[in-house]
Amino acid sequence: MNLLNLESVSKAFDIRPLLDGVSLGVAQGERIGIVGRNGDGKSTLLKIMAGTLESDEGRVSKSNSVHVGILSQADNASAGASVREVVLGDIPVHEWASNSRIREVLNGLFGGHSDELLDRAFHSLSGGERRRVNLAKLLVDDLDLILLDEPTNHLDVEGVAWLASHLKSRIALSVVVITHDRWFLDEISEKIWEVVDGKVLEYEGGYSAFVLSKAERSRQASVEDTKRNMLIRKELAWLRRGAPARTSKPKFRIDAANTLIANEPPPRNGAELLNFAANRLGNTVYELHQATIKAGDLLLLEQIYWNVGPGDRIGIVGVNGAGKTTLMKVLSGEGKISSGKLVTGVTVKAAYLSQHLEELDPTWRVLEAVEKVANRVQLGNGKELSASQLCERLGFNKDQQWTPVGDLSGGERRRLQLTRLLMDSPNVLLLDEPTNDFDVETLTALEDLLDSFGGTLLVISHDRYFLERVCDTFVGLVGDNALRDLPRGIDEYLSLRREAESAEEKSFGAKKESSILEQKALKKEIARIEKQMERRQERIAEIARELDSVTTDHEKLVALHAEQENLKREHEELELNWLCGVQ
């Protein structure tokens, strides 16, 4: 039985129809991924399902007993609210502290549930921190259906893996998610909805199944869009040569789809690219010798030896704050090492895509901004693109190329920044979170473009699928001031992080046990001191009574006074020890 149904729903903005007669439903426990190009109506569909946006036609129905929550791109916390108030509301401490699900959510998204964290003002947080708080609220609440719009933004690789595991463990919870993170889609989705041309097409399985099924649909319909089919075939070739898990989830026969790629070569020719990169770069790209890297006074990496060669395609993963971006800045020349040596090849022409957008003249058109760099770009092996062709490859169609820069969204500005970098024909690309705000189709086009890049590529990204797709080797920063090679890739990184967390838990457990034993010993010692103090007080009281009865016995008086003074002195010392123990 469906929890929520859409019947013949239509929605248009101005004269452009985003949804046209859409009918669909979500059953209990279903996990559905939504894909489609930016601007085609994915978020609109989610808002209509949540009831935060009215449709022009059709209706949305759900029973009163069904509770729905949405993670949108906007914040809705009241002014002055704390993290505790947003996430936990008025749940008493003893209730949520004893609730294993709430503790798991707080640990998974924030690494703990300290008062310092929970008492922070929500509006003092960064955008990424606010997203985590809003996501935590949804996962803590007793909901039947949660609607998630880009939940993996601002989560690192480890956080994305945790979220996927958590959602899969909530068997009764229904999830509908918009995300460009294809690894996440493959992990959690049992069904894919593709929003295209006002319709919602339905595919069984996760992202891999979606690619295979879409290829089969294209084959059966004899689609003539050669360019799109070529990208689909390339994606299939990658899936086929990837981990078995990627092709084990489709819920339909894939033999027909696989005939499309029976003779398809690998997504990129590694030997050809390496030869071309060596000709462009020589033998040296970057070498770090005994390098120590700091951020202010904070030590990030210590005594690092690292060689980055021509044609290397390296993914960099690590915990937040471990130094990934700082390392990238050092290689690009924007940062400095604290000690040691950095050698940069004399032929290196690097392009660095940072997380900060460069300021461009808002009156420039998109194509004009790209042609300010160059009119044509050499990709390698004789391949060349014009500025307009490169813009189109990265999602700016002919009409959008005449859009003023000032009218672009944040995601579009980021695509423009990347386009300008590539237009400068670099031989080294340093990309820090390049996939933010890209839709799946644009990501596929970017991956295709990077397949022909004849140079060295270094990538930081929380998008695991993108990293594994464009990189051949991986290094990790796990928070111990070292740079580790990861022969088994991201799986090895996650394993190292689990080991580190387990060691921390054991250490914490040992410290806690030691503290408990110390507290027990201290309580025992305090009890012993209290008994000694009590005995001395009793004897001092006895001496006071004896003094009244021996007023004529001089020697007895002297002896009793001496004993009384000794007892008072001993009592004061015991009292001092008792106070120190209590404090």
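This briefing walks through the folded chain shown above, one topic at a time. The model is predicted, so local features need pLDDT of at least 70 and side-chain atom pairs count only at pLDDT 80 or more, while totals for chains, interfaces and linings use all residues. Residues are numbered from 1 along each chain as its sequence is written, and side-chain values use heavy atoms, with hydrogens and water left out.

**Overall picture**

- The protein chain holds 20 helices and 20 strands; helices (H or I, at least four residues) and strands (E, at least two) are DSSP runs, numbered from the N terminus.
- Of the 583 residues in the protein chain, 48% are buried. Here buried means under 20% relative accessible area, exposed means over 50%, and partly exposed lies in between (1.4 Å probe, protein chains only).
- Among contacts in the protein chain with a separation of 6 or more, 70% are between residues 24 or more positions apart; a contact means heavy atoms within 4.5 Å.

**The sheet of 3 strands**

- Strands in the order β11-β10-β13 make an open sheet with antiparallel pairing. Its edge strands, each pairing on one side only, are β11 (298-308) and β13 (339-344). Two strands pair if DSSP finds at least two bridges between them.
- On average, neighbouring strands of this sheet are turned by 30° against each other, direction ignored.
- β10 (residues 286-295) pairs with β13 over 5 bridges in the antiparallel sense, and Glu287 has Val343 in β13 as its bridge partner.
- Helix α13 (residues 324-332) lies across β10, β11 and β13 and runs at about 130° to β10. Axes are lines fitted to C-alpha atoms, for helices over the stretch in contact, and angles run from 0 to 180 degrees between N-to-C directions.

**The sheet of 6 strands**

- A second open sheet to look at has 6 strands in the order β14-β17-β18-β12-β19-β20, with mixed pairing. At its edges are β14 (350-353) and β20 (484-485), each pairing on one side only.
- β14 and β17 (residues 428-432) run parallel and are joined by 4 bridges. Ala350 has Val428 in β17 as its bridge partner.

**Ser174 and its surroundings**

- Ser174 sits in strand β7 (residues 174-178) and is buried, with a relative accessible area of 0%.
- A polar atom of the Ser174 side chain lies 2.8 Å from the backbone nitrogen of Gly29.
- Leaving aside residues up to four places away in sequence, Ser174 touches residues including Val26, Gly29, Asp144 and Ile146.

**Positive phi values**

- Most residues other than glycine have a negative phi.
- Gln303 has a positive phi, near 55°. This residue, Gln303, lies in strand β11 and counts as partly exposed at 42% relative accessibility.
- Glu433 also has a positive phi, near 50°. Glu433 lies in the loop between β17 and α17 (440-451) and counts as buried at 12% relative accessibility.

**Cavities**

- Searching the whole structure gives 3 cavities of 30 Å³ or more. On a 1 Å grid over the protein atoms alone, a cavity is a set of points where a 1.4 Å probe fits but cannot get out. Grid points are joined across faces, edges and corners, and a volume is the space filled by probe spheres set on the points.
- The second largest cavity has a volume of about 50 Å³. Its lining is formed by Leu357, Glu358, Leu360, Val405, Arg413 and Leu416, where lining residues have an atom within 4 Å of a point.

Key: Polar contact = N/O pair within 3.5 Å; in protein donor to acceptor, adjacent residues only side chain to side chain. 1 Å grid on protein atoms, 1.4 Å probe; cavity = no way out; pocket = protein on both sides within 12 Å on 5 of 7 lines; lining within 4 Å.
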